[in-house]
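Student: I would like to work through a model, from its overall make-up down to single residues. Please show me the sequence and structure.

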Amino acid sequence: MRDWTIEMREQRKWIVDRVYTAEANGVVLGVSGGIDSATVAYLAKSLPFRREFLHLNLWPGVQQSYWSLDQRLNIRMLNLDEAYGILRDQLMQATLVDRNKIADGNLAARLRMVVLYGVANLANLLVLGTTNRTELELGYFTKFGDGACDLEPIADLTKTEVREFAKVLEVPQEVLDATPSAGLWEGQTDKEELGIPYERLDHLITGFIGDSEFETWKKARPEDPGSLLREEKDKVRKLRKASEHKR
(Lines give C-alpha, C1' and ligand atoms only; values in the text may rest on other atoms or scores of the structure.)
Protein backbone atom coordinates (compact mmCIF):
# COMPACT_ATOMS: atom_id res chain seq x y z
CA MET A 1 0.00 0.00 0.00
CA ARG A 2 1.31 3.43 -0.95
CA ASP A 3 2.50 5.85 1.71
CA TRP A 4 0.90 9.06 0.42
CA THR A 5 2.95 11.31 2.69
CA ILE A 6 6.15 9.96 1.14
CA GLU A 7 4.55 10.23 -2.31
CA MET A 8 3.80 13.90 -1.66
CA ARG A 9 7.41 14.66 -0.66
CA GLU A 10 8.85 12.76 -3.62
CA GLN A 11 6.52 14.39 -6.12
CA ARG A 12 7.33 17.87 -4.86
CA LYS A 13 11.06 17.15 -4.99
CA TRP A 14 10.69 15.79 -8.53
CA ILE A 15 8.92 18.94 -9.73
CA VAL A 16 11.48 21.20 -8.02
CA ASP A 17 14.40 19.29 -9.57
CA ARG A 18 12.86 19.49 -13.07
CA VAL A 19 12.11 23.21 -12.80
CA TYR A 20 15.62 24.05 -11.61
CA THR A 21 17.18 21.81 -14.27
CA ALA A 22 15.19 23.65 -16.95
CA GLU A 23 16.28 26.99 -15.43
CA ALA A 24 12.61 27.97 -15.27
CA ASN A 25 11.02 30.39 -12.81
CA GLY A 26 8.21 28.10 -11.71
CA VAL A 27 5.07 26.34 -12.93
CA VAL A 28 1.64 27.07 -14.37
CA LEU A 29 -1.46 24.87 -14.60
CA GLY A 30 -5.11 25.11 -15.50
CA VAL A 31 -7.54 24.48 -12.63
CA SER A 32 -11.01 23.28 -13.63
CA GLY A 33 -12.50 22.48 -10.25
CA GLY A 34 -12.16 18.72 -10.76
CA ILE A 35 -10.19 16.35 -8.56
CA ASP A 36 -7.21 15.87 -10.92
CA SER A 37 -6.34 19.52 -11.43
CA ALA A 38 -7.09 20.26 -7.77
CA THR A 39 -4.70 17.50 -6.67
CA VAL A 40 -1.88 18.83 -8.84
CA ALA A 41 -2.60 22.40 -7.69
CA TYR A 42 -2.48 21.42 -4.01
CA LEU A 43 0.73 19.51 -4.69
CA ALA A 44 2.21 22.63 -6.28
CA LYS A 45 0.98 25.26 -3.84
CA SER A 46 3.91 24.92 -1.41
CA LEU A 47 6.66 24.80 -4.05
CA PRO A 48 9.49 27.31 -3.48
CA PHE A 49 9.05 29.31 -6.69
CA ARG A 50 6.42 31.07 -8.78
CA ARG A 51 3.13 29.22 -9.15
CA GLU A 52 0.33 30.33 -11.47
CA PHE A 53 -3.13 28.74 -11.12
CA LEU A 54 -5.46 29.71 -13.97
CA HIS A 55 -9.13 28.94 -14.49
CA LEU A 56 -9.67 29.22 -18.25
CA ASN A 57 -13.39 29.82 -18.58
CA LEU A 58 -15.14 29.12 -21.89
CA TRP A 59 -18.81 28.74 -21.04
CA PRO A 60 -20.06 30.16 -17.74
CA GLY A 61 -22.01 27.55 -15.79
CA VAL A 62 -20.93 24.58 -17.90
CA GLN A 63 -17.63 23.70 -16.27
CA GLN A 64 -17.31 22.43 -12.74
CA SER A 65 -17.06 25.16 -10.16
CA TYR A 66 -13.61 26.06 -8.95
CA TRP A 67 -14.80 28.54 -6.32
CA SER A 68 -14.10 26.19 -3.40
CA LEU A 69 -10.45 26.29 -4.44
CA ASP A 70 -10.19 29.97 -5.32
CA GLN A 71 -9.14 31.61 -2.05
CA ARG A 72 -6.97 28.69 -1.00
CA LEU A 73 -4.91 28.82 -4.19
CA ASN A 74 -5.28 32.40 -5.44
CA ILE A 75 -6.65 31.27 -8.80
CA ARG A 76 -6.86 33.80 -11.63
CA MET A 77 -9.73 33.46 -14.09
CA LEU A 78 -9.26 34.22 -17.77
CA ASN A 79 -12.45 34.43 -19.84
CA LEU A 80 -11.88 32.76 -23.21
CA ASP A 81 -15.47 32.48 -24.41
CA GLU A 82 -15.18 35.27 -27.01
CA ALA A 83 -11.88 33.96 -28.39
CA TYR A 84 -13.31 30.42 -28.45
CA GLY A 85 -16.43 31.54 -30.34
CA ILE A 86 -14.38 33.35 -32.99
CA LEU A 87 -12.01 30.42 -33.43
CA ARG A 88 -14.85 27.89 -33.66
CA ASP A 89 -16.74 29.97 -36.24
CA GLN A 90 -13.63 30.55 -38.33
CA LEU A 91 -12.90 26.82 -38.27
CA MET A 92 -16.42 26.01 -39.46
CA GLN A 93 -16.13 28.51 -42.31
CA ALA A 94 -12.82 27.01 -43.36
CA THR A 95 -14.02 23.39 -43.30
CA LEU A 96 -17.66 23.86 -44.36
CA VAL A 97 -18.76 21.06 -42.05
CA ASP A 98 -21.36 21.05 -39.29
CA ARG A 99 -20.38 21.49 -35.65
CA ASN A 100 -20.24 18.51 -33.32
CA LYS A 101 -19.65 18.45 -29.58
CA ILE A 102 -16.53 16.25 -29.74
CA ALA A 103 -14.76 18.65 -32.11
CA ASP A 104 -15.96 21.63 -30.06
CA GLY A 105 -14.70 20.04 -26.85
CA ASN A 106 -11.29 19.22 -28.33
CA LEU A 107 -11.00 22.75 -29.71
CA ALA A 108 -11.73 24.11 -26.23
CA ALA A 109 -9.09 21.90 -24.63
CA ARG A 110 -6.50 22.98 -27.22
CA LEU A 111 -7.34 26.65 -26.80
CA ARG A 112 -6.79 26.33 -23.06
CA MET A 113 -3.40 24.77 -23.66
CA VAL A 114 -2.42 27.54 -26.11
CA VAL A 115 -3.12 30.04 -23.33
CA LEU A 116 -1.24 28.03 -20.70
CA TYR A 117 1.83 27.80 -22.94
CA GLY A 118 1.51 31.48 -23.77
CA VAL A 119 1.71 32.31 -20.07
CA ALA A 120 4.52 29.79 -19.63
CA ASN A 121 6.57 31.36 -22.43
CA LEU A 122 6.06 34.90 -21.17
CA ALA A 123 7.01 34.11 -17.56
CA ASN A 124 9.51 31.26 -18.18
CA LEU A 125 7.36 28.62 -16.47
CA LEU A 126 6.81 24.89 -17.00
CA VAL A 127 3.29 23.63 -17.66
CA LEU A 128 2.03 21.02 -15.19
CA GLY A 129 -0.27 18.36 -16.62
CA THR A 130 -3.30 16.97 -14.80
CA THR A 131 -3.92 13.66 -16.57
CA ASN A 132 -4.01 10.47 -14.48
CA ARG A 133 -2.95 6.95 -15.43
CA THR A 134 -6.48 5.76 -16.13
CA GLU A 135 -7.06 8.53 -18.66
CA LEU A 136 -3.65 8.04 -20.26
CA GLU A 137 -4.14 4.28 -20.63
CA LEU A 138 -7.54 4.72 -22.28
CA GLY A 139 -6.67 7.77 -24.37
CA TYR A 140 -9.27 9.80 -22.49
CA PHE A 141 -7.60 13.14 -23.08
CA THR A 142 -7.22 15.60 -25.94
CA LYS A 143 -4.07 15.28 -27.99
CA PHE A 144 -2.24 18.65 -27.88
CA GLY A 145 -4.91 19.78 -25.40
CA ASP A 146 -4.93 18.57 -21.80
CA GLY A 147 -2.48 15.89 -22.97
CA ALA A 148 0.17 18.57 -23.65
CA CYS A 149 2.43 19.57 -20.77
CA ASP A 150 6.05 19.71 -19.58
CA LEU A 151 5.59 17.63 -16.43
CA GLU A 152 2.85 15.09 -15.64
CA PRO A 153 2.85 14.60 -11.82
CA ILE A 154 -0.08 12.15 -11.51
CA ALA A 155 0.54 10.08 -14.64
CA ASP A 156 1.38 6.99 -12.57
CA LEU A 157 -1.75 7.23 -10.38
CA THR A 158 -5.11 5.71 -11.32
CA LYS A 159 -8.24 7.78 -10.72
CA THR A 160 -8.84 5.85 -7.50
CA GLU A 161 -5.29 6.56 -6.32
CA VAL A 162 -5.63 10.25 -7.19
CA ARG A 163 -8.62 10.37 -4.85
CA GLU A 164 -6.53 8.91 -2.01
CA PHE A 165 -3.66 11.29 -2.76
CA ALA A 166 -6.09 14.24 -2.79
CA LYS A 167 -7.25 13.42 0.72
CA VAL A 168 -3.68 13.60 2.06
CA LEU A 169 -3.21 16.94 0.28
CA GLU A 170 -6.44 18.16 1.96
CA VAL A 171 -8.32 18.91 -1.24
CA PRO A 172 -11.82 20.18 -0.24
CA GLN A 173 -14.51 17.53 0.24
CA GLU A 174 -16.86 19.12 -2.31
CA VAL A 175 -14.19 18.56 -4.97
CA LEU A 176 -13.74 14.93 -3.90
CA ASP A 177 -17.51 14.41 -4.12
CA ALA A 178 -18.01 16.09 -7.51
CA THR A 179 -19.10 13.97 -10.49
CA PRO A 180 -16.03 13.49 -12.73
CA SER A 181 -16.36 15.64 -15.84
CA ALA A 182 -14.06 17.43 -18.26
CA GLY A 183 -16.70 20.17 -18.47
CA LEU A 184 -16.38 20.44 -22.24
CA TRP A 185 -20.13 20.60 -22.87
CA GLU A 186 -23.28 20.82 -20.81
CA GLY A 187 -24.15 17.60 -18.99
CA GLN A 188 -20.92 15.85 -19.98
CA THR A 189 -19.67 13.20 -17.54
CA ASP A 190 -16.72 10.83 -17.71
CA LYS A 191 -18.88 7.82 -16.82
CA GLU A 192 -21.30 8.49 -19.69
CA GLU A 193 -18.46 8.74 -22.20
CA LEU A 194 -16.40 5.82 -20.96
CA GLY A 195 -19.36 3.60 -20.11
CA ILE A 196 -17.61 2.05 -17.11
CA PRO A 197 -17.20 3.55 -13.61
CA TYR A 198 -13.64 4.54 -12.69
CA GLU A 199 -13.53 2.04 -9.82
CA ARG A 200 -13.93 -0.86 -12.24
CA LEU A 201 -11.75 0.71 -14.93
CA ASP A 202 -8.88 1.01 -12.47
CA HIS A 203 -9.13 -2.66 -11.52
CA LEU A 204 -9.16 -3.67 -15.19
CA ILE A 205 -6.19 -1.43 -16.04
CA THR A 206 -4.04 -2.62 -13.15
CA GLY A 207 -5.04 -6.23 -13.75
CA PHE A 208 -6.15 -6.68 -10.15
CA ILE A 209 -9.58 -8.24 -9.82
CA GLY A 210 -9.96 -10.01 -6.50
CA ASP A 211 -12.99 -11.46 -4.75
CA SER A 212 -14.26 -8.12 -3.45
CA GLU A 213 -13.94 -6.53 -6.90
CA PHE A 214 -15.78 -9.41 -8.52
CA GLU A 215 -18.67 -8.74 -6.14
CA THR A 216 -18.99 -5.32 -7.80
CA TRP A 217 -19.53 -7.00 -11.15
CA LYS A 218 -22.11 -9.34 -9.61
CA LYS A 219 -24.13 -6.38 -8.39
CA ALA A 220 -23.92 -4.69 -11.79
CA ARG A 221 -25.27 -7.76 -13.59
CA PRO A 222 -26.41 -10.42 -11.12
CA GLU A 223 -27.66 -12.76 -13.86
CA ASP A 224 -24.22 -13.08 -15.48
CA PRO A 225 -21.33 -11.15 -13.86
CA GLY A 226 -18.75 -13.08 -15.85
CA SER A 227 -20.23 -11.86 -19.13
CA LEU A 228 -20.12 -8.25 -17.94
CA LEU A 229 -16.51 -8.67 -16.88
CA ARG A 230 -15.55 -10.00 -20.32
CA GLU A 231 -17.39 -7.16 -22.06
CA GLU A 232 -15.63 -4.53 -19.97
CA LYS A 233 -12.22 -6.14 -20.50
CA ASP A 234 -12.86 -6.10 -24.24
CA LYS A 235 -13.88 -2.44 -24.11
CA VAL A 236 -10.69 -1.47 -22.24
CA ARG A 237 -8.59 -3.36 -24.81
CA LYS A 238 -10.37 -1.58 -27.68
CA LEU A 239 -9.96 1.84 -26.09
CA ARG A 240 -6.25 1.20 -25.55
CA LYS A 241 -5.75 0.04 -29.12
CA ALA A 242 -7.71 2.90 -30.69
CA SER A 243 -5.84 5.52 -28.66
CA GLU A 244 -2.30 4.17 -29.07
CA HIS A 245 -1.41 7.10 -31.38
CA LYS A 246 -1.99 9.48 -28.45
CA ARG A 247 0.79 7.88 -26.41
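Student: How many helices and strands does the chain have?
Tutor: This is a predicted model, in which local features need pLDDT of at least 70, side-chain atom pairs count only at pLDDT 80 or more, and totals for chains, interfaces and linings use all residues. Residues are numbered from 1 along each chain as its sequence is written, and side-chain values use heavy atoms, without hydrogens and water. Helices (H or I, at least four residues) and strands (E, at least two) are DSSP runs, numbered from the N terminus. The count is twelve helices and four strands.

Student: What percentage of the residues of the chain count as buried?
Tutor: Buried means under 20% relative accessible area, exposed over 50%, and partly exposed in between (1.4 Å probe, protein chains only). The chain has 247 residues. The buried share is 47%.

Student: Which residues is Val171 in contact with, leaving aside its neighbours within four places in sequence?
Tutor: Contact means heavy atoms within 4.5 Å. With those neighbours set aside, the partners of Val171 are Ala38, Thr39, Tyr42, Ala166 and Leu176.

Student: Why do the buried residues of helix 4 lie on the same side?
Tutor: The buried residues of helix 4 are Tyr84, Gly85 and Arg88. They are on the same side because they cover an arc (of the directions from the helix axis to the C-beta atoms) of only 100° around the axis. On the other side of helix 4, Glu82, Gln93 and Ala94 are exposed. So the answer is the arc of only 100°.

Student: What covers the buried residues of helix 4?
Tutor: Cover here is judged for the buried residues Tyr84, Gly85 and Arg88. What covers them includes helix 5 (101–123).

Student: Which side chain does the side chain of Lys159 make a polar contact with?
Tutor: Lys159 lies in helix 7. Lys159 is buried, with a relative accessible area of 7%. A polar contact is a pair of N or O atoms within 3.5 Å; within protein, one must be able to donate a hydrogen and the other to accept it, and residues adjacent in sequence count only if both atoms are side-chain atoms. At 2.8 Å, the partner is the side chain of Asp36.
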